[in-house]
Amino acid sequence: MLVWLFSFFLLIALLGLLIFQLMSLADLEFDYINPYDSALRINSVVLPEFITQGVLCLLFLLSGHWFMFLLCAPNLYYNFRLYTRRQHLVDVTEIFNMLDWEKKQRFVKLIYTVILLFFSIFWMVWTALEDD
Amino acid sequence: MQPMGNEKPGPTNFPGRPASPFLSSGPVVEKTGPPNFPGRPASPPFAAPIPFLSPVPAENEKPGPPTFLGRPLSPFVAAPQTTMTTVPSFSGPVAAGSEASGYRAAPPVRFNGPSMPFSHQPLPDVVGDFQRFPIPSYPSSIQSVTTIHGLPSAGQPMLTQPGLPSPGGQQQQAFPPPINFRPQPPQPQIPSVLMRPPPQSSNFMPRGSVPPLPLESSFPGPKPNLQSSIMHGYPNRQTTPVSNVPLGQAASPFITTQQGGFVHPTMGAPPLGMNSREQLQYPGVGPPVGVQSLVEDFSSLTVGSVPGSMDPGIDSKALPRPLDGDVEPDSYFQMYPLNCHPKYLRLTSPAIPNSQSLLSRWHLPLGAVVHPLAEASDGEEVPIVNFGPTGIIRCRRCRTYVNPYVTFTDGGRKWRCNICALLNDVPGDYFSLLDASGRRCDADQRPELMKGSVEFVAPTEYMVRPPMPPLYFFLIDVSLSAVRSGMLETVAKTIKSCLDDLPGFPRTQIGFLTFDSALHFYNMKSSLTQPQMMVVADLDDIFVPLPDDLLVNLSESRSVVDAFLDSLPSMFQDNVNIESAFGPALKAAFMVMSQLGGKLLIFQSTLPSLGIGRLKLRGDDIRVYGTDKEHALRIPEDPFYKQMAADLTKYQIGVNVYAFSDRYSDIASLGTLAKYTGGQVYYYPSFQGGTHKEKLSYELARDLTRETAWESVMRVRCGKGVRFTTYHGHFMLRSTDLLALPAVDCDKAFAMQLSLEETLLTTQTVYIQVALLYTSSSGERRIRVHTAAAPVVSDLGEMYRHADTGSLVCLLSRLAIEKTLSHKLEDARHAIQLRIVKGLREYRNLYAVQHRLGGRMIFPESLKFLPLYGLALLKSIPIRGGYADVQLDERCAAGFNVMILPVKRLLKALYPTLIRIDEYLAKATTSADDLGNFSKRLPLSAESLDARGLYIYDDGFRIIIWFGRMLSSNITTSLLGVDLSGIPDLSKVSLCEHDNHISRKLMGILKRFRESDPSFYQLCHLVRQGEQPRESLLLLFNLIEDQSGGTVGYVDWIQQIHRQVQQSA
C-alpha cells in the first residue's frame, strides 16, 4: 500500500516536471521567454526528472512489482541513453530547430506517465480494497 | 507592457513579454511601440478576416485612384517582355475576367504585323508612369475603340475557363477560349514571325495596374487599352490563335508563351524572350527540328540514345556552362521595379506557389538568400531616411515598415499595410495629399516610398542602451608555434597598420589578451607610456585582474597601443611554451567585453590543451569514416563551445576565428564560436609568415576596416499564409524568427526557407520585408529595410521558369553542409543529387505527355546550370570524398565559409574562372581592359589546358597560375626572371613584378581579379604542367568537369542524372 502511495507521488512529481518543461517550450515558441531562460529552466529540471523516474523504477523493482517495473523500464532506458550520449539537455543554440522534436518527446513521455499513473492508482485502490 | 521588442538587443532584454503566436504581433516588432500597441493583441492580429488583397477589387468599383498607387497588381504586364502583347480583343478582358488572379494576362499573341509603327517605350518609365497615373493616362481614343469591339460582354463568358493549371499548358487547352470567343472567322494571318517588341506600350501599361474583374463591368474605360495595340494596326486582322499553330512559326513567341503565358496568364511575359534565346544558345543541342520542337518551352540535351553503348551520346561541348558567371535574375526585378535590388534579396523561385500541394511538387528548396549589407555600387547607396519626431512609420499590427508597396487612401489620411492589409492612420507630420491617381504628391521626395531598400534612423525607442562604440578585442595565442610561424608578428603589424582605419573614430575601443599556458592581460591606460602586463596563471578560477583599463579608448591610448603592438612580437620571441589555455582565455575575454559587446578576434595556432574547453586529437581516425559516428567529427566536441557561443551572442559579442595550425586544431569546435555569433572562420593551414603573410594581413585588415553593423538583429516578415521557417547561416535565433547578429558586415549572407502555412494562398502577391536593426560604427541606431514583392502562381511550370539557380544552389549547399553535421558525407551528397533529380523529373513530367522527349534530357532554361553546380557542390571541399580527400580541419573551415558566402561568391567558388592569358600577355600593345576580348572563360576541364599556354584559375580564395610544358620561355622568363627549367620547385617561388610589360600585365590581371572579389585575398600559386603531386592537388582535382579520383565527370554526371530522372518518370 505504502509503495503505491509513494509511487503515486513520484508520478505526480514526474508529471509536474514534464508539464513544466512543456510549458517552457510553449512559452519559447510564442516568444514569451527568450531561449536562454527557457533552456536554463528546462535544463534545471531534466536531471531531477531523470532521477525521479529512476527512483520510481527502483521502487517497483525492490518492492517486487514486476509488471510496473517493466512498464517503466523503456523510459528508464531511453533516459539513460540520452544521458550517456549527452543529449539530455536542450541546446540553447539549436533550440528553435529542435523545438518540434523536444516537444514531441516530452509529450510522449507525458502520456506515458499518465498511463502509469492510472495503473498506479488502480493498483492502489485494488490493494486498499483487498486490505479491507 | 514593456516596450522592448525583441529586436532590441542588449543584455537586458527578454523581459517576459507576452507575445502572441501570431506572426505579426508583438514579437515581430523590432520594438513594439509602446503607445501604439499597448495591450498585446487586443484584437487578435490575424483573426480579423481581412483578405489580403481584398481591398483592391473593392476599391476598383469605385475607381478611386488611390488603389493603384505602387501596387503592381499585374506585375507581369509591366515587364518589358510585355512586348508580347496580347491579342487584345479577347484576351484582355477574358483573361482578366476568368482569372481569379489579378494578373493581367497578356496573352501572347503576336498578330501585329512587323511593320507596326509602335514606339516601344523604355520600360522603367512606363512602369513608373502607369503606376502613378494609371487612369489619367488612358487615351481617350482608345476608349472609342473599345466600344467598337464591344468586347466587354464577350469577356464575361470566359469566366468559365479559369486559367487552370494544366501543367503542360497544352495547346488545345489553352486555346479554346479564344476560339469560342472569336466570332469572326480566322482571318488571314500575318505570317511573319514577329520578333520585335510588340506594340504594347504605355497605354497598355495602365491596364496592368488596374485590378481585374469589377473594373470590367463597371468601368469600361481602361479596357480599351489592352486592345489598343491591335486596334492601331489591324483592327480586323485578329485571327484565332489556333490557326497559328500549324504554321509553325519557328520560335514564335506566341506559341511559346501560350504554354505558360496564355493558360496561366500570370506568367506570360518571360518565356517569350527566353525561348528564342535558347534556340540561339544551343544551336547544336536543340531537339530535332520539327513542328513539335518549335513549341517547346524548355531546353534540352540529347543524351545517349542507345542504352549500353559505349558512346556517351552527349556532346560535351554543348553542355551548358556558366561561363558568364552568375546572372542575377532580372525578370522579377523588372516586374516589380520597386523591389530591392536582387543582390540584397534573392528568392529561389520568385514565383511563389499558391498551394502546399504545388510546393510539394516543386522538390527544390523554396526560400531566399538575404544579404542585407551587400556592398552597394557607386550611385546606388541605400538612402537614409530620418523621420525625426514623427517616429518611424510602421503598421501597428504586423510592424511592417512603410515601403513602396503600401497604399494611401482616404485622401492620404490612412495607409494600408501591404503585408497584413490593416488600415493605419498616417501621422500628422507625414500627411500628404494624394494626386488624382492616388499617389502621394510628395512620393518623389520620399525614398521610402520609391525604393525597395532604405535605411531608417531609429529613435531612442529602438535602443535598450546607448549605442555601443565599435569595440575590437584581440585574443592572441603566443605559444611556440604562433611565434615560430610568424603569425604573431604579422598580426601585430597588421593591427598596427589598421589602427587609423578602424571605424568609429573617436569612440573606438580596443583591448588585447594573450595566452599560452597562462593569460596575459594588458593595462593600456592612457596615462601610461608602456602597457603593463599582468599574468594570471590560475586557470581554474579565472578572474580579471583589473576592472577597467583592459579595454581602452583607442584615440586616448593610441601611444600605449602602438607601443604594445611594436613590442608584442619581441616580447614572446623566445617563448617555448607549447600549451594553450584557450578556454580560460576565452572566458576572460568574455568577462572583459561583456559590458559593451563588440568584436572578438581570436588568433589560435594550436589545439586548446589546458583548462576548460580543452580538446582532443580526434581527427585522425580513419575508421570512423563511413560509420554513423562520422558526423561527430564535424560538430563541437565539448559543449563548452556552444555554451560560450550562446553567452557571447547574448552579450553582443561577435567572434572571428583565425586558425593557423599545421596540425589538427579542431576547427569544428573553434568555429562554433563564430557560427552562433555571426562571425567568420579564417583558416590558414600550415601558416608560414613568408608565404601567407599577404593573405593574412589583407584579410585581417578587411575584417578590421570594413563597415560593420553592431549589436544587430534581423527579422524577415512576409505576408499572411507564408512564413520563413528555417534559417541557415551564422547567427543565433533569439526567437522563432529573430536572428541575433552581434556583429555583421558586408561579407555575410543568410539563407532561409519559406513554408506555406495555409493550404491555399488567396493573395496574388507575397511581400517580403527584411529589416536589420543595428548600430552603425558612427553610433547611430539604424534600420535597414529591404522590401520585395513576388507573384503567387498556380502553375508549376511558372515556378520552374522563374527559378533562380544562384540562390537555389546557395540554399542547397547550406542544407547539404548542415546535413554533414548530422549525417555521413555520402548521405549529404546523395541528398543533393536526389533533390536535383526529383526537381528535373517533375519538370519532365510536365512535358512528357505532349512532347516526344525520347532520349533527351530536358530542363528549364532557368535551371540549365543546376546539374553542373550540383556536381560542383558534390566535389566541393566540405562535401567531397571521405577521409583522405580533405583534411578534417580544412573541410570544416570550408564548410563554415560556405555558410556565409553570398550567392555570387559561392557560385564562383563552385565554378571558378579559368582563362588562358599567354596570348594576351604576349601582345605588346593591349591594355588591361582588353582582357575580356582576348580571353574568355574556359570550361573547367583538362581539355581546356593546352601545353603551350599559360592559364589562370581563380576561385575567389586563391589564384593558381598554370604553366604549360611548352609555354614559350620568353613569357616565363619575363614573369619569373629566370627560365622555368632553372627552378626546381615552383612552390617556393613567389610572383613579383619584373620590369617588363608581360610581368606588369600579369600583375595587372591579378590586381583586377583581386579587386573584383575583395572579401578574401587570393594568394597566388604557381604550378607547372606535370609537376606532381602539386598539379593534381592544386588544379587538376578542381577541374570539376573531369573524372578524377572516384568522382564522375560532367558528361557522366548528366547521364547519371538523366537515367535517374527517367526512372519511374
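Reader: Hi! How many bridges join β18(B) and strand β21 of chain B, and in which sense do they pair?

Author: Hello! This is a predicted model, and in it β18(B) pairs with β21(B), residues 738-745, in the antiparallel sense over seven bridges. One residue pair to look for is B:S712, which stands opposite B:L741 in β21(B).

Reader: Nice. What about β18(B) and strand β23 of chain B, how do those two pair?

Author: Strand β23(B) covers residues 765-775, and β18(B) pairs with β23(B) in the antiparallel sense over seven bridges. There, B:W710 has B:T775 of β23(B) as its bridge partner.

Reader: And is strand β18 of chain B mostly covered or mostly open?

Author: Mostly covered. Strand β18(B) runs over residues 708-718, and eleven of its eleven residues are buried.

Reader: Good to know. Let's stay in chain B. What is the strand order in the open sheet of four strands?

Author: The order is β2-β4-β22-β19, and the pairing is antiparallel. At the edges are β2 (345-347) and β19 (722-728) of chain B, each of which pairs on one side only. From one strand to the next, the twist averages 25°.

Reader: Over how many bridges do β2(B) and β4(B) pair?

Author: Three bridges, in the antiparallel sense, with β4(B) spanning residues 367-370. In that pairing, B:R346 stands opposite B:V369 of β4(B).

Reader: Which strands does helix α27 of chain B lie across?

Author: Helix α27(B), residues 805-820, lies across β2, β4, β19 and β22 of chain B. Relative to β22(B), which covers 750-756, the helix runs at about 95°.

Reader: Now the open sheet of three strands. What is the order there?

Author: In chain B, the order is β6-β7-β8, with antiparallel pairing. The edge strands, each pairing on one side only, are β6 (407-409) and β8 (423-425) of chain B. The twist in this sheet averages 35° from one strand to the next.

Reader: And which residue is the bridge partner of B:W415 in β8(B)?

Author: That is B:N424. Strand β7(B), residues 414-416, and β8(B) pair in the antiparallel sense over three bridges.

Reader: Changing topic to helices. At what angle do the axes of α24 and α30 of chain B cross?

Author: Roughly 15°, and the axes come within 9 Å. Angles under 35 degrees count as roughly parallel, so α24(B) and α30(B) are roughly parallel to each other. The crossing of α24(B) and α30(B) is right-handed.

Reader: Which residues meet there?

Author: From α24(B) there are B:I667, B:A668, B:G671, B:T672 and B:K675, and they meet B:D889, B:C892, B:A893 and B:F896 in α30(B). By class, the contact of α24(B) with α30(B) has five nonpolar, two polar and two charged residues.

Reader: What about helix α25 of chain B, which of its residues are buried?

Author: Helix α25(B) covers residues 689-705, and its buried residues include B:L696, B:L700, B:A701 and B:L704. Charged side chains are on that list too, among them B:K695, B:E699, B:R702 and B:D703.

Reader: What covers the buried residues of α25(B)?

Author: Several elements of chain B, including β10 (471-477), α20 (487-498), β15 (598-604) and β29 (1019-1024).

Reader: Zooming out, how many helices and strands does chain B have?

Author: The secondary structure of chain B comes to 37 helices and 29 strands. Of its 1065 residues, 64% are buried. Among the contacts in chain B with a separation of 6 or more, 77% are between residues 24 or more positions apart.

Reader: Over to chain A, then. How do α2(A) and α3(A) cross?

Author: Helix α2(A), residues 35-62, and helix α3(A), residues 66-84, have axes that come within 9 Å and cross at roughly 150°. The two helices are therefore roughly antiparallel to each other. Their crossing is left-handed.

Reader: Which residues are in that contact?

Author: Among them are A:F50, A:L56 and A:F60 in α2(A), and A:W66, A:F69 and A:L76 in α3(A). By class, the contact has 14 nonpolar, four polar and one charged residues.

Reader: Last one: where does A:W126 lie?

Author: In helix α4 of chain A, residues 95-131. A:W126 is partly exposed, with a relative accessible area of 43%. Its C-alpha atom is separated by 40 Å from that of A:R85, 41 residues apart along the chain.

Conventions. Residues are numbered from 1 along each chain as its sequence is written. Chains are lettered from A and ligands numbered from 1 in the order in which they are written. This is a predicted model: local features need pLDDT of at least 70, side-chain atom pairs count only at pLDDT 80 or more; totals for chains, interfaces and linings use all residues. Side-chain values use heavy atoms; hydrogens and water are left out. Axes are lines fitted to C-alpha atoms, for helices over the stretch in contact, and angles run from 0 to 180 degrees between N-to-C directions. Angles under 35 degrees count as roughly parallel, over 145 as roughly antiparallel, 65 to 115 as roughly perpendicular and the rest as oblique. A crossing is left-handed if the near helix is turned anticlockwise from the far one by less than a right angle, and right-handed if clockwise. Contact means heavy atoms within 4.5 Å. Two strands pair if DSSP finds at least two bridges between them. Buried means under 20% relative accessible area, exposed over 50%, partly exposed in between (1.4 Å probe, protein chains only).
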